Amino acid sequence: MTTAEKTRKLTEILEEKGQGLNFKYGGDGSIDQDVIAEREDLGYDASERAKALLDDYYQALASTTTEWQYNFTRKWEELEGDLTILRRAKAQAYAFAHLEPTIYPGELIVGAKTNYLRGSFGNPWLIQSFFVAKGSELYEKYKSDSNARSDMDKQVQIGTGGGNVTHDLPGAISLAGKFGLRTEEVPALNKITEYWAGKTLEEVGERISSTVPGFDVKNNLLRTATSRADSAYTIPVGRQVVSYYYPLQYGLDGMIEICDQKYLEVAGQADGDGYGGLDRMYFYQAVGIVIKGIRDWIGNYVKELDRRIPLTDDAKQKSEYEQIRETLAWIQHKPPRTFREAVQIMWFTQLALVNEEVASGMSPGRLGQVLFPWYDQDIKNGRITDDEVMEILELMRVKFTAIDLFVSTASSSVLMGNTFNNVALGGLTRDGRPASNKLDWMFLEAAERVPTTQPTLSVLWDEKLPEDFLLKAAEVVKMGSGFPAYMNCRVGQDFVLDQCAHEGMKVDEARAFAIGGCLETNAGTWKTVTVNGVEYEIPSGASGATVNGVHFISNPSVVNLVLFNGKDMRTGIQLLPPHDKKLETYEEFWEQYKAYYEFIVGIQLKFGNIQHDLHRKMMPTLWNSATTPGCLDKGHDIEHMGAMYNSTFFGVESTGTVNMVNSLASLKKLVYEDGKYTLDDMRDAIENNFGFYLASEIGSYSMSEQVQKPDGAAYDEILSDCLAAPKYGVGDPYADGILREYEEWFCKFPRALRSFMDEPLYPCQISVSTHGTFGNNEVATPDGRLAGVTFADASLSAAPGTDRKGPYALFESACCWDQSQSQNSQMNMKIHPTAIKGDAGTKHLADLVRAYMVSGGFHIQFNVVDSKMLVKAQKEPENYRDLMVRVAGFTQYWVEISKPIQDELIARTEYEGV
Amino acid sequence: MTCQHIDCWNYQAIDVVKGICLKHGGMVDWAGESCPAFVRKPKCETCANFSNPDEDNIGTCTGLSDGSHWVLGSRPATTCEGYRE
């Protein structure tokens with residue numbers, strides 16, 4: 001596109017017609033539009049120690065290593081012929097036992113995934129096609145295979161700033177578009193990946209799947225960015241609330257004793273289970289082996305400190321190392337006695353979980369309530385002060401933020417480098433009383449002192465929670481970190497009760513729920529711990545991974561598939577069987593939408609079942625299972641139904657809901673009711689992108705920046721009519737009725753489907769960053785959205801510029817359906833900092849949340865930022881390294897977010913008054 | 001064998017290209033020249049059980065239970081039970 005060819009922007013065209021995309025709402029006009037408003041400075045400051053560690057984090061690059069891969073592979077090779085579960089356990093234990101210890105001066109809680117601050121690694125036995133080194137023979141082989149996952153990698157964008165290593169450096173290469181690897185390790189990587197070539201879960205899975213009808217459709221769903229298939233190859237576990245109960249209550253030696261005892265009880269016994277009864281002995285043996293490996297790993301830290309202490313000149317540092325050593329030497333074997341020991345074993349538990357398997361969203365759950373017994377005992381006995389506890393919580397913010405995840409570019413485009421360490425605060429106790437405690441409060445304050453992305457915080461909102469706690473949470477939101485998000489206790493509890501009732505879930509147990517990943521409601525349970533002879537009840541995760549199965553169907557894409565008879569118009573692939581229907585009524589269109597959608601789900605489910613079945617046969621997650629309540633009782637891992645609750649393992653995940661609703665509303669109104677246009681008119685307009693250049697040609701992915709082609713004016717009228725058609729988010733029953741009809745179907749049909757564990761599925765409605773990944777790969781849609789423009793985020797956020805009637809109209813639209821029927825719903829709002837200034841502003845924000853919650857909304861979260869700051873940060877990223885924003889369910893550093901998502905964040909309606 | 005920061009046991013890596021000097025404090029580049037406080041970090045290439053490295057510094061390790069296996073010479077051996085100088 002040359003300068004001579006540039007014509008008008010969309011916003012100019014709409015303004016000429018007297019209709020505009022309204023990107024601001026509310027306010028009294030007093031905001032100075034020439035000044036960038038900063039977020040409110042509430043005067044909190046981090047400890048010097050936390051500041052130093054945070055500074056190290058800002059300087060750190062995302063780094064990977066072959067350390068784990070080499071050790072695992074070497075031991076695996078040695079054990080050829082051994083039973084798979086035991087072979088894996090021994091290889092894993094060996095890998096743990098040989099991890100280099102990583103201890104930074106000034107730390108109080110130590111431990112890292114690898115020998116780097118932001119270290120992570122892939123598990124080649126799972127999938128390696130996306131990270132084999134360029135120049136290796138395998139690189140050419142995997143490229144020529146043209147697998148769907150690598151096709152997807154080419155179609156997406158990830159952030160290029162911050163710690164992302166996007167190009168080679170002296171001494172290091174860039175791998176998977178983001179991670180640095182030492183150059184000298186490349187030959188080792190080549191030898192490791194050579195060994196696993198043909199043996200990976202991805203390759204075994206694809207070989208087996210290729211014999212099953214629908215295989216090509218499955219791959220084309222990924223190629224066309226209609227649905228994100230093959231998640232078992234990329235992130236097979238996660239979106240889970242971790243349970244720390246066993247390490248905290250028993251310690252590692254105690255867990256090994258449980259395994260040894262259970263092994264003796266069940267060895268050689270079927271005990272009524274002719275299919276899996278004997279598997280229990282292998283499970284217990286395997287788990288015991290892995291725990292010993294983790295114990296040895298901690299022992300490496302003790303040995304390193306034994307080496308380092310005599311060499312340390314600084315007396316203060318030496319003393320701190322000695323205290324760390326004492327802590328580690330204890331928790332290497334025994335259950336913790338103190339708050340610091342509890343945090344340390346919690347931390348190694350967490351690291352072991354995310355090292356064992358590629359996992360996104362291993363969330364700490366209600367960590368303030370889990371750690372409270374040790375805090376309470378230490379404070380009562382004078383062993384610790386609140387200042388010391390606060391310092392530890394501050395440091396943990398940096399530690400959690402440093403956890404990285406080695407995944408493909410396509411996965412990174414969805415996760416944006418986030419690992420979703422979601423700490424839930426508040427909620428209720430078993431008997432329905434408010435569960436917020438002093439530690440929950442301190443987690444909030446630590447977030448005010450140390451502005452990092454992790455752990456992200458969620459308030460499990462209930463009317464019973466103390467007002468001062470809710471105001472404190474609102475105060476944290478105002479600082480602009482994007483958390484806490486709020487989840488409705490009653491809605492979440494109703495969901496788990498409904499989904500897990502057949503597994504024995506009761507009301508009191510439902511109150512133990514928490515959030516895994518960004519927004520995945522997880523079943524929980526209550527556990528009793530004993531600290532210094534005193535019993536406490538703590539909440540605990542109680543299920544394995546959630547929302548595996550059918551990852552992210554692009555709802556707007558299915559509208560277009562109906563319109564174009566099953567053909568994906570971006571790629572030209574005939575994705576679905578042609579329906580060949582005339583679609584003469586809206587009802588016929590809607591019926592076909594559902595038919596196509598269920599077809600897609602059927603395909604994804606079939607192959608998801610195969611993939612996860614293979615995963616549980618080839619690489620059971622043993623430490624995850626050891627810590628998940630139920631598994632040590634039953635003697636089965638989480639993928640063999642070992643957990644207390646297994647019916648949350650598989651779900652149906654959607655994205656782009658609001659664009660879909662708006663598209664259906666446009667068709668219903670303009671084609672079927674008014675008769676102003678035919679379906680062919682719509683098709684023509686979409687095929688020609690309503691006369692506009694593609695977003696990728698413009699280099700911007702928000703509607704306001706799109707540019708019309710010189711000859712594009714012929715579509716002005718249909719485009720403006722589509723944009724003016726009824727929209728979700730303004731309390732209009734026309735569009736809201738479509739949403740309700742969709743939800744009533746979407747929340748129901750998954751429950752008739754069955755996972756590989758023969759458990760019902762359920763709906764999951766979040767976007768993470770898929771609204772960018774899928775939106776950027778979808779042509780124009782009937783709501784007037786232009787090709788490549790990022791979808792509306794979340795599931796209930798209005799499309800940018802369309803929520804013209806304020807927050808309460810938006811809430812009215814969002815709450816037109818029963819949100820407890822879904823694992824989640826998701827709502828983001830962007831608020832100008834001046835709209836919630838001062839104590840009055842804090843109260844307004846808390847009241848806004850309350851209004852949404854009591855209306856039946858499940859989730860809401862906020863970006864508090866001046867859009868002008870985001871525009872400036874896009875132009876001068878080097879000046880905004882520490883700027884954080886809320887994307888959809890997670891907070892990320894602005895510089896590490898892809899441009900399409902940045903554009904969408906800028907475009908979100910800015911509330912200048914609430 | 002090189003004597004750079006990355007070869008020193010007083011170097012705690014931050015990422016692939018830099019780390020912290022445990023002796024003198026502060027961030028240092030991986031390739032910086034070592035100082036009198038240099039302590040060679042155990043690596044496979046300094047082990048008696050390591051032999052025959054090729055041009056990529058991939059050699060043979062005979063110090064572990066599997067008898068013999070390829071290994072990268074520059075791999076840290078600080079946690080290896082078979083390491084012998």
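Reply: Let's start at A:Lys472, which is buried, with a relative accessible area of 6%. Please keep in mind that this is a predicted model. A:Lys472 pairs with A:Glu475 in a salt bridge whose closest N and O atoms are 3.3 Å apart. Both residues belong to helix H19 (residues 467-478) of chain A, where they sit three residues apart, about one turn of the helix. The pair is also part of a network of salt bridges that links A:Glu394, A:Glu445, A:Glu448, A:Arg449, A:Lys472 and A:Glu475.

A:Asp45 and A:Lys51 meet at 3.0 Å, N to O. A:Asp45 is partly exposed at 46% relative accessible area, and A:Lys51 is partly exposed at 31%. In the salt bridge of A:Glu876 with A:Lys872, the closest N and O atoms are 3.8 Å apart. Here A:Glu876 has 25% relative accessibility and counts as partly exposed, while A:Lys872 is partly exposed at 33%. Over all chains, the search finds 53 salt bridges.

Now for the nonpolar side of the picture. The largest nonpolar core has 314 residues, and A:Phe339, A:Tyr486 and A:Phe862 have the most contacts inside it. Helix H12 of chain A gives the most to this core, with 15 residues. Beyond its sequence neighbours within four places, A:Phe862 is in contact with several residues, including A:Val477, A:Tyr486, A:Met829, A:Leu848 and A:Arg886. A separate core of 13 residues includes A:Val165, B:Cys8, B:Val16 and B:Cys21.

That brings us to where the chains meet. Chain A contributes 47 residues to the contact and chain B 32 residues. Together the chains bury about 3200 Å², 57% of it on carbon and sulfur atoms. On the chain A side, A:Tyr70, A:Arg74 and A:Arg182 lose the most area to chain B, together 20% of what that side buries. The rule also finds 20 residue pairs in polar contact across this interface. Helix H3 of chain A supplies the largest share of the side that touches chain B, six residues. By class, that side has 21 nonpolar, 10 polar and 16 charged residues.

In B:Lys23 with A:Asp313, the closest N and O atoms are 3.6 Å apart.

Definitions and conventions. Residues are numbered from 1 along each chain as its sequence is written. Chains are lettered from A and ligands numbered from 1 in the order in which they are written. This is a predicted model: local features need pLDDT of at least 70, side-chain atom pairs count only at pLDDT 80 or more; totals for chains, interfaces and linings use all residues. Side-chain values use heavy atoms; hydrogens and water are left out. Contact means heavy atoms within 4.5 Å. Buried area is the accessible area (1.4 Å probe) that two parts lose on being put together, summed over both. A salt bridge is a side-chain nitrogen of Lys or Arg within 4 Å of a carboxyl oxygen of Asp or Glu. A polar contact is a pair of N or O atoms within 3.5 Å; within protein, one must be able to donate a hydrogen and the other to accept it, and residues adjacent in sequence count only if both atoms are side-chain atoms. Helices (H or I, at least four residues) and strands (E, at least two) are DSSP runs, numbered from the N terminus. Ala, Val, Leu, Ile, Met, Phe, Trp, Tyr, Cys and Pro count as nonpolar, Asp, Glu, Lys and Arg as charged, and the others, Gly among them, as polar. A nonpolar core is a set of buried Ala, Val, Leu, Ile, Met, Phe, Trp, Tyr and Cys residues joined through side-chain atoms within 4.5 Å. Buried means under 20% relative accessible area, exposed over 50%, partly exposed in between (1.4 Å probe, protein chains only).
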